[in-house]
Amino acid sequence: MSDRDPWEQSLLRFARILVGEEAPARQLTLEVLEAATTRPPAHADAGEIGKFLYRELRRRALERRPATPATPATPATPATPVNGSVDLAPDAAAAVHPLETDRIEAAFRDLPEPGRSALALLLLDGLDADTIARVLGLNDADLAAALHGARVALHAALVPVAPEVQP
Amino acid sequence: MMTLKTARQVLRAYRPSGEDDEERDVRAALKVAGRHPVLEAEFQNQLAFDRAIAAKLEANPVAPETAADLAEAAQRLEARRRRRLSFRDPAMLAVGLAFLFLIGVVGWVFVGQGSSFAGMQEVAEMVEQGGRVGPDRFTELETPAGTLADWFVMQNFDGFAVPPGFEAAPVVGVRQFKFEEIPVAVAAVARPRAMFYVFEAQPLGLTIPADRWRFGAYGPKGRNAFAVRQLGPMAFVVALRDGDEAELKTYLARWPDAPR
């Protein structure tokens, strides 16, 4: 879990990405913490509880929220193919700096699964690749592909409203 | 050596915080990127993008009341986990089992070795000392053991008593002596050859539950047995002159009214 925030706040940030609004995210996070307290996983070491919390939170969030598109969004800027994949546009970070947090959160929420969860766990919660793969039930290659696809799609969603980004 | 494809796969799951820098596969992937400018540029671009996104999202604060509620729920979870760990932790289990084993061993030794009770060693020494004297040191007195209290009172020994069932034991001689300054009354019984000893229990630290015998051994190689029981403040000892614990138990069983 991230050392930037108390871990329970990282869990809340993940819930925000999944369900959008603050109140339901808070409610969902508290529900999951309560579930882990009353019915903890069989091997109750800290690592297993952490994975349980993220898995359970994501499961409940996806049950309550309409499914996001299963296919990654097409990047707005044509990218250079590398080994059969689509690259993140050069200087992608420049598109992010001038944007408001709300705008980025909204774009993040519209990303397809499992890339949205994978990128949120990597960036917001600071989970390592092995843990994310276990939480999401992915192998290493699929996790890498999901992360890359989510980055490309997120950038594509942000570029149209980033005035200083040159085509 | 790591391939370009594997290096790209590893770096796409790289955490922008730098926490993965010491991982072996990440170090190998970074080396590959160092040799491939395209991958290096791609990775640096990804890193900048990830850091920018993370910084924006982390800027959205958690409301203080929400943070407090979450912290309370997290503390409850942690407290519950620690309670579970205290029973599930193999180290705690091992300590618990070792403790139970120790209790078992101590109990076994304690129960199995009667002479380890407080005062039993002193009783063994007293019986041995009392048994070393010859018949000439006894006053001849043929009478049932239950009648001796008055005789000993006349000899300035108060409290002589025998357990129920032993009143008819055929005494043939009596004497007194002191063991570690404790007055001891002795009655020699004819058939079979045994000695009754009566003395105050407290000075030797004896505490025996009512109606219970406690067994010990004395003499060469602990060959002879004795049994002690408590009658109020007094201790009563039966010591065979020549017989082990099994024979002593048989002897005690001969007294029809004697408690077992």
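A residue is called buried here when its relative accessible area is under 20%. The legends below describe close-up views of a predicted model.

**Figure 1. Helix α5 of chain A, enclosed by the rest of the structure.** Helix α5 of chain A spans residues 115-123, and nine of its nine residues are buried, so the helix is largely enclosed by the rest of the structure. The buried residues of α5(A) are Gly115(A), Arg116(A), Ser117(A), Ala118(A), Leu119(A), Ala120(A), Leu121(A), Leu122(A) and Leu123(A). Arg116(A) has 0% relative accessibility and therefore counts as buried. The side chain of Arg116(A) forms a salt bridge with that of Glu113(A), with an N to O distance of 2.7 Å. Glu113(A), at 17% relative accessibility, also falls under the 20% limit and so counts as buried. Leu123(A), at the end of the helix, is one of the residues touched by Ile53(B).

**Figure 2. Overall arrangement of chain A.** Chain A contains seven helices and two strands, which follow one another along the sequence as α-α-α-β-β-α-α-α-α. Of its 167 residues, 54% are buried. Among contacts in chain A with a separation of 6 or more, 74% join residues 24 or more positions apart. A network of salt bridges with shared partners links Glu31(A), Glu56(A), Arg59(A), Arg60(A), Glu63(A) and Arg64(A).

**Figure 3. The interface of chain B and chain A.** The contact involves 40 residues of chain B and 61 residues of chain A. The two chains bury about 4,300 Å² between them, and 61% of this lies on carbon and sulfur atoms. On the chain B side, the most area is lost by Arg12(B), Phe49(B) and Leu57(B), which together account for 17% of what that side buries. Polar contacts join 19 residue pairs between the chains, counting pairs in which both residues have pLDDT 80 or more. Helices α1 (4-12), α3 (37-58) and α4 (64-88) of chain B each supply at least two residues to the side that touches chain A. The most comes from α4(B), with 14 residues. By class, this side of chain B has 20 nonpolar, five polar and 15 charged residues.

**Figure 4. Salt bridges across the interface.** Three salt bridges are found between chain B and chain A. In one of them, the side chains of Arg26(A) and Asp69(B) meet at 2.1 Å, N to O. Another salt bridge pairs Asp50(B) with Arg151(A) at 2.8 Å, N to O. This pair crosses between chains, from helix α3 of chain B to helix α7 of chain A. Asp50(B) and Arg151(A) are both buried.

**Figure 5. Surroundings of Phe49(B).** Phe49(B) is located in helix α3 of chain B. Its relative accessibility is 0%, so Phe49(B) counts as buried. Leaving out residues up to four places away in sequence, Phe49(B) touches Leu88(A), Ala92(A), Ala93(A), Val96(A), Arg151(A), Leu154(A) and His155(A). One of these, Arg151(A), is the salt-bridge partner of Asp50(B). Within chain B, the C-alpha atom of Phe49(B) lies 9.3 Å from that of Pro16(B), although the two are 33 residues apart along the chain.

**Figure 6. The largest nonpolar core.** This core has 57 residues, and those with the most contacts inside it are Phe108(A), Leu154(A) and Ile53(B). Helix α7 of chain A, residues 140-158, contributes the most to the core, with seven residues. Apart from residues up to four places away in sequence, Ile53(B) touches Val96(A), Ile104(A), Phe108(A), Leu123(A), Leu154(A) and Leu158(A).

**Figure 7. Thr37(A) against chain B.** Thr37(A) belongs to helix α2 of chain A, residues 22-38. At 9% relative accessibility, Thr37(A) counts as buried. Among residues beyond four places in sequence, Thr37(A) touches Ala73(B), Arg76(B), Leu77(B) and Arg80(B).

**Figure 8. A salt bridge within chain B.** The side chains of Arg229(B) and Asp211(B) meet at 3.1 Å, N to O. Arg229(B) counts as buried at 2% relative accessibility, while Asp211(B), at 46%, counts as partly exposed. Over all chains, the salt bridges number 18.

Notes: Residues are numbered from 1 along each chain as its sequence is written. Chains are lettered from A and ligands numbered from 1 in the order in which they are written. This is a predicted model: local features need pLDDT of at least 70, side-chain atom pairs count only at pLDDT 80 or more; totals for chains, interfaces and linings use all residues. Side-chain values use heavy atoms; hydrogens and water are left out. Contact means heavy atoms within 4.5 Å. Buried area is the accessible area (1.4 Å probe) that two parts lose on being put together, summed over both. A salt bridge is a side-chain nitrogen of Lys or Arg within 4 Å of a carboxyl oxygen of Asp or Glu. A polar contact is a pair of N or O atoms within 3.5 Å; within protein, one must be able to donate a hydrogen and the other to accept it, and residues adjacent in sequence count only if both atoms are side-chain atoms. Helices (H or I, at least four residues) and strands (E, at least two) are DSSP runs, numbered from the N terminus. Ala, Val, Leu, Ile, Met, Phe, Trp, Tyr, Cys and Pro count as nonpolar, Asp, Glu, Lys and Arg as charged, and the others, Gly among them, as polar. A nonpolar core is a set of buried Ala, Val, Leu, Ile, Met, Phe, Trp, Tyr and Cys residues joined through side-chain atoms within 4.5 Å. Buried means under 20% relative accessible area, exposed over 50%, partly exposed in between (1.4 Å probe, protein chains only).
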